[in-house]
Amino acid sequence: MSLFLTSFLADPRWGEALAHLPDYLGSHVRVSVTALALGLLVSLPLAIIARNRPVLRGLLLGLASIVQTVPGLALLALFYPLLLAAASLTLAWFGFSFSAFGFLPAVLALALYSMLPVLRNTLTGLRGIDPSILEAAQGVGMTPMQSLTSVELPLALPVMMAGIRTAAVWVIGTATLSTPIGQTSLGNYIFAGLQTQNWVLVLFGCAAAALLALAVDQLLALTETGLRTRHRLRTALGGAGIAALVAATLVPSLARSASSYVVGAKTFAEQYVLSALISQRLEAASLPATSREGLGSNVIFEALVNGDIDVYVDYSGTLWTNQFHHVGLKPRQQLLDDLKTELARQKVTLFGELGFENAYALVMPRKRAEKYGIRTVSDLAAIAPALSIAADYEFFSRPEWTALRTAYGLNFREQRQMQPDFMYAAVASGEVDVIAGYTSDGLIAKYDLVALGDPKVAIPPYDAILLIAPKRADDQALREALQPLLGRIDIAAMREANLRAAGGDGDASPGAVARWLWEKIKSEKTNR
Amino acid sequence: MEVAALIVFDHVGKSFDGGRVKAVDDVSLHVESGEFLAIVGGSGSGKTTLLRLTNRLIEADRGHITIEGEDVRAADPVALRRRIGYVFQSSGLFPHMSVAANIGITPKLKGEREADIAAKVDELLDLVRLDRGEFRDRFPHELSGGQRQRIGVARALAAKPKIVLMDEPFGALDPLTRDALGDDYRALHDRLGLTTVLITHDMTEAILHADRIAVMRGGKLLAEGTASELAQSDDAYVGELLGTPRRQAERLNALLPRGGA
């Protein structure tokens, strides 16, 4: 047991997690406190205005309740396109634009999320005051404002504070979900950990968020009892604690300088490894680099166009179908050329291909495929009605799925959605019969699976390509630092890197895998 | 009438629920300066509504109310309330404020200096016969019902009003406390030269403390006058109101043997 504990604590991933703590925790506190402050700034006056207006009261509580039913992740994701549209409007009308990425959408969504408990408790508190006290306030000659500030609010305070505390805990918890829209938070641990099966990171992120929530809750509780029992020291201690938190959030993050290059990564292991590789190359060329990881697939491209990130790896087919909404497919090289032209129209540079493809492919255990004589999707279509298929959260709504179904007349008994990391194990164990996997995934080899052929070319090519933001288009230093990566990563290398990243031990961190990958690239270069 | 009355109710009316309930129905009444008037009636008689109309806690629908010759509707309601003392039925003390803060609230609202207010609070505690040091920093929940009403009276007097309106202030107290408080207040009324309107459902209390009594029923003023004037009234309800305390007094006299003297 003690041996287990020692080896558990000696795990190098703890050190890695701790190194990120000032940045992640600082950003988390900053976004949570700002959102909570904004939420209070809006909710408290609204509640006060609505307290004697039944229609407005019902409307507000109804709206706040509806907001609460929207899952946190969806609410955060919704604010991104909304703000993007707003930013283009302000640019057209007033000549200025703002970043719809990261901090702003996270703050707005979280502020909205904090409103229900604050509104409800403030209204309950204010309306629960004995009417004879209100009459007395009027009777001794208070104006409505004096009655509010010196009688109603102090008496409603305990109930209001309970609401504020609930809101604080909700906001701090939900802020972990702001990672995919580009806001660094403790969620970075959780998303990165989930994608690379690094449970130490997941645990660390959850524990840090829980401790932060607990600390803020207790500070608010201290302030509240201090105010209620007129205990000056308590009020001062609680207030000082909260002030210290706010002050800490105002200290700009030391890790990030304004001129550093921001490397983006989507939400899966390969992206974490590649972003680490790019960062390492930049740093090797003495270019400061920071990363924004765990970004949603739709967010990351817009973030690049807007210059919120400077460089990231995307896949040709993803851009072709999702970003530019093309229905028909073209041969691989022609698709790449067309894409380059289209990207150039948005001033995005397609710097080059990395050398491997990460395409969607229908994947099943090799033994079963051989047993039934299935080599291609055409062979599979015949028995598909008896089989179940699993895919990631977006596949079934992607054009590739429609294309596959129409081309081969595919029809499965059951469709399931799964966390990508669990799919491969699920198909290997027979939990599902077929999965829509990724061709570069190392788990294909690990579980002895086979990717089925696509003779009708229904699935577009998915060459991994390096994209550079408009503002860095003419940056020669950046180009020189990244040039050695182009065409150097083949499918075998990427599969092995991905397998290593899923290893779940100390060598599995994206940084360590990226270093391994770079060594491999270098050795192959010299071998040639 | 050579001297204008301090408070004049002139055909005052007030309805609730869109006119369906006539709480106060065409009431005309004068209160002279320095007078102690009791308004007696059962629940729903409109007596409390009439009192609340006086300092515009609610607004009259019909008629006029004038104080010192000025129509209350022309006055700023907040300023009006600050110059009229009001004692509430359930004390109406603010539970989150100390005794001193409760008593000093109206002077504070008027912007008087803290030191002046503190001195005034101590004076008022003396006046309502509560120990300064013991009570100043207490909170309402630490007080007995009678102590709370004494603080309520002190608060009403803090801004040195000429007029004090009292809404069944002693109704919820035990008989001994109630009697002591009633006597103490009447003494204050005389000493400070106040004009008091007291609302009560208890005719005995009205007879014992008031100079003049007005009887209300169903929103209407049935009769007014001194106790002996009311005794001449041929109204059955007034007779019943006066008869009850008299019968009780006679029975008590018969039942309680005169002791000592």
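A residue is buried if 20 or more other C-beta atoms lie within 10 Å of its own. By that cut-off, eight of the eight residues of helix 1 (residues 47-54) of chain B are buried, so helix 1 of chain B is largely enclosed by the rest of the structure. The model is predicted. In chain A, the domain assignment gives domain 1 (18-250), domain 2 (261-359 + 461-527) and domain 3 (360-451).

- The buried residues of helix 1 of chain B are B:Lys47, B:Thr48, B:Thr49, B:Leu50, B:Leu51, B:Arg52, B:Leu53 and B:Thr54.
- Seven bridges link strand 1 (residues 7-16) of chain B to strand 2 of chain B in the antiparallel sense.
- Opposite B:Val8 stands B:His30, in strand 2 of chain B.
- As background, strands of a sheet pair through backbone hydrogen bonds, either parallel or antiparallel.

**Contact between chain A and chain B**

- Chain A and chain B each bring 14 residues to the contact.
- On the side of chain A that touches chain B, the elements giving two or more residues are helix 6 (131-139) and helix 7 (144-174) of chain A.
- Helix 6 of chain A gives the most to that side, with six residues.
- Sorted by class, the side of chain A that touches chain B holds seven nonpolar, six polar and one charged residues.

**Domains 2 and 3 of chain A**

- Taken over C-alpha atoms, the centres of domain 2 and domain 3 of chain A are separated by 26 Å.
- The contact between these domains takes 15 residues from domain 2 of chain A and 15 residues from domain 3 of chain A.
- Strand 4 (349-357) and helix 21 (491-501) of chain A each supply at least two residues of the side of domain 2 that touches domain 3.
- Helix 21 of chain A gives the most to that side of domain 2, with six residues.
- The side of domain 2 of chain A that touches domain 3 of chain A comprises seven nonpolar, four polar and four charged residues.

- Helix 11 (residues 269-284) and helix 21 of chain A have axes that come within 9 Å and cross at roughly 105 degrees. That angle makes helix 11 of chain A roughly perpendicular to helix 21 of chain A.
- Helix 11 of chain A makes this contact through A:Ala269, A:Glu270, A:Tyr272 and A:Val273, and helix 21 of chain A through A:Met494, A:Ala497, A:Asn498 and A:Ala501.
- The residues of this contact divide into six nonpolar, one polar and one charged.
- A:Leu485 lies in the loop between helix 20 (476-482) and helix 21 of chain A.
- With 23 other C-beta atoms within 10 Å, A:Leu485 is buried.
- Not counting residues up to four places away in sequence, A:Leu485 touches A:Leu277, A:Arg281 and A:Leu354.
- A:Leu485 and A:Thr176 are 309 residues apart along the chain, and their C-alpha atoms are separated by 33 Å.

**Strand 8 of chain A**

- Five of the five residues of strand 8 (residues 434-438) of chain A are buried, and the strand is mostly covered.
- In a regular strand the side chains alternate between the two faces of the sheet.
- In strand 8 of chain A, A:Val434, A:Ala436 and A:Tyr438 point one way, while A:Ile435 and A:Gly437 point the other way, and all are buried.
- Strand 5 (residues 360-365) of chain A runs antiparallel to strand 8 of chain A, joined by four bridges. A:Val363 stands opposite A:Ile435 of strand 8.
- Strand 6 (residues 388-391) of chain A pairs with strand 8 of chain A in the parallel sense, over two bridges. A:Ala390 has A:Ile435 of strand 8 of chain A as its bridge partner.

Note on methods
Residues numbered from 1 in each chain as written. Chains lettered and ligands numbered in written order. Predicted model: local features only at pLDDT ≥ 70, side-chain atom pairs only at ≥ 80, totals over all residues. Contact = placed C-beta atoms within 7 Å. Nonpolar A, V, L, I, M, F, W, Y, C, P; charged D, E, K, R; others polar. Domains from an automatic or database assignment. Buried ≥ 20, exposed ≤ 12 C-beta atoms within 10 Å, placed from the backbone. Pairing = 2+ DSSP bridges. Axes fitted to C-alpha atoms, helices over the stretch in contact; angles between N-to-C directions. Parallel < 35°, antiparallel > 145°, perpendicular 65-115°, else oblique.
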